[in-house]
Amino acid sequence: MFEDNYRQRGLRNKLVRLLRQKGITDERVLTAIGKVPRHVFFENAFLEHAYQDKAFPIGEGQTISQPYTVAFQTEKLMVQPGQSVLEVGTGSGYQACILLELGARVYTIEYNRVLFEKARKLLPKMGYRPHFHLGDGSKGLPAFAPYHRILVTAGAPVIPEALTAQLADEGLLIIPVGDREKQVMVRITKKGNKLIREDFDYFSFVPLLGEQGWKK
Ligand code: SAH
């Protein structure tokens, strides 16, 4: 299951080249994507999908994000080693591995118990150890706040106030905001009591649920 052979490494290098062509320039992000074995998150029958640049079902109606989307969000997050990062929406756990490769201290929260359990079992076997939490990440994770970086990997109807509140000074929040089908990637920078908003490209995420998310 954890075999990472010549062929898989080759496909991963090819994926990295594709992401470069699509405009990802941060070498640390590209190196991380070149390292994390994405095929480990796929069932044997679907292995050939692991290094294609597309989202893929992981059960419970959820998806592992498209590699380009992971790269885009991670690049905009500008993570420095040692920073504490909150990820909302653990899903498969793939994005959490990327954040760990960047040297972050990672807190990841998932709303769905099945996915939470699955990621919590799998990642340590791969050598990745984020702090796993089960709960409603639309309210953040106040116990370990503030965070230098917060990354939301599900589409939100609004920017939850709890998340900007749990951001450290000079901290960054990346969150897709919009309707259920389409969201604009937003970056919030906290400067004292000011929040500066930048809008990037459009993406399509599964909905953020919970108190500050969509009602089922
Ligand atoms: N980062 C993931 C992709 C996640 S898909 C990966 O790398 O695979 C979005 C995830 O957000 C889903 O697993 C979904 O269950 C979760 N989610 C939705 N609403 C949430 C909430 N309020 N709190 C935490 N997780 C939530």
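**Figure 1. The crossing of helix α3 and helix α4 is right-handed.** This view comes from a predicted model. Helix α3 covers residues 67–77 and helix α4 covers residues 94–101. Their axes come within 11 Å and cross at roughly 40°. On the α3 side, the contact is made by V70, Q73, T74 and L77. On the α4 side, the residues are Y94, Q95, I98 and L99. By class, the residues of this contact divide into five nonpolar and three polar, with no charged residue.

**Figure 2. Helix α2 passes helix α4 in a right-handed crossing.** Helix α2 is formed by residues 27–35. The axes of α2 and α4 are 9 Å apart, and the two helices pack at an angle of about 125°. An angle over 145 degrees would count as roughly antiparallel, and 65 to 115 as roughly perpendicular, so α2 is oblique to α4. From α2, the contact takes in A32, I33 and K35. From α4, Y94, I98 and E101 take part. Four residues of this contact are nonpolar and two are charged, while none is polar. Y94 and I98 of α4 also belong to the contact with α3.

**Figure 3. The peptide bond from A145 to P146 is cis.** Its omega is near 5°. Most peptide bonds are trans. Where is P146 found? P146 lies in the loop between strand β5, residues 131–134, and strand β6, residues 147–152.

**Figure 4. M78 has a positive phi.** The value is about 50°, although M78 is not a glycine. Most residues other than glycine have a negative phi. M78 is located in the loop that runs between helix α3 and strand β3, residues 84–88. Helix α3 is the helix that crosses α4 at roughly 40°.

Methods: Residues are numbered from 1 along each chain as its sequence is written. This is a predicted model: local features need pLDDT of at least 70, side-chain atom pairs count only at pLDDT 80 or more; totals for chains, interfaces and linings use all residues. Side-chain values use heavy atoms; hydrogens and water are left out. Axes are lines fitted to C-alpha atoms, for helices over the stretch in contact, and angles run from 0 to 180 degrees between N-to-C directions. Helices (H or I, at least four residues) and strands (E, at least two) are DSSP runs, numbered from the N terminus. A crossing is left-handed if the near helix is turned anticlockwise from the far one by less than a right angle, and right-handed if clockwise. Contact means heavy atoms within 4.5 Å. Ala, Val, Leu, Ile, Met, Phe, Trp, Tyr, Cys and Pro count as nonpolar, Asp, Glu, Lys and Arg as charged, and the others, Gly among them, as polar. Angles under 35 degrees count as roughly parallel, over 145 as roughly antiparallel, 65 to 115 as roughly perpendicular and the rest as oblique.
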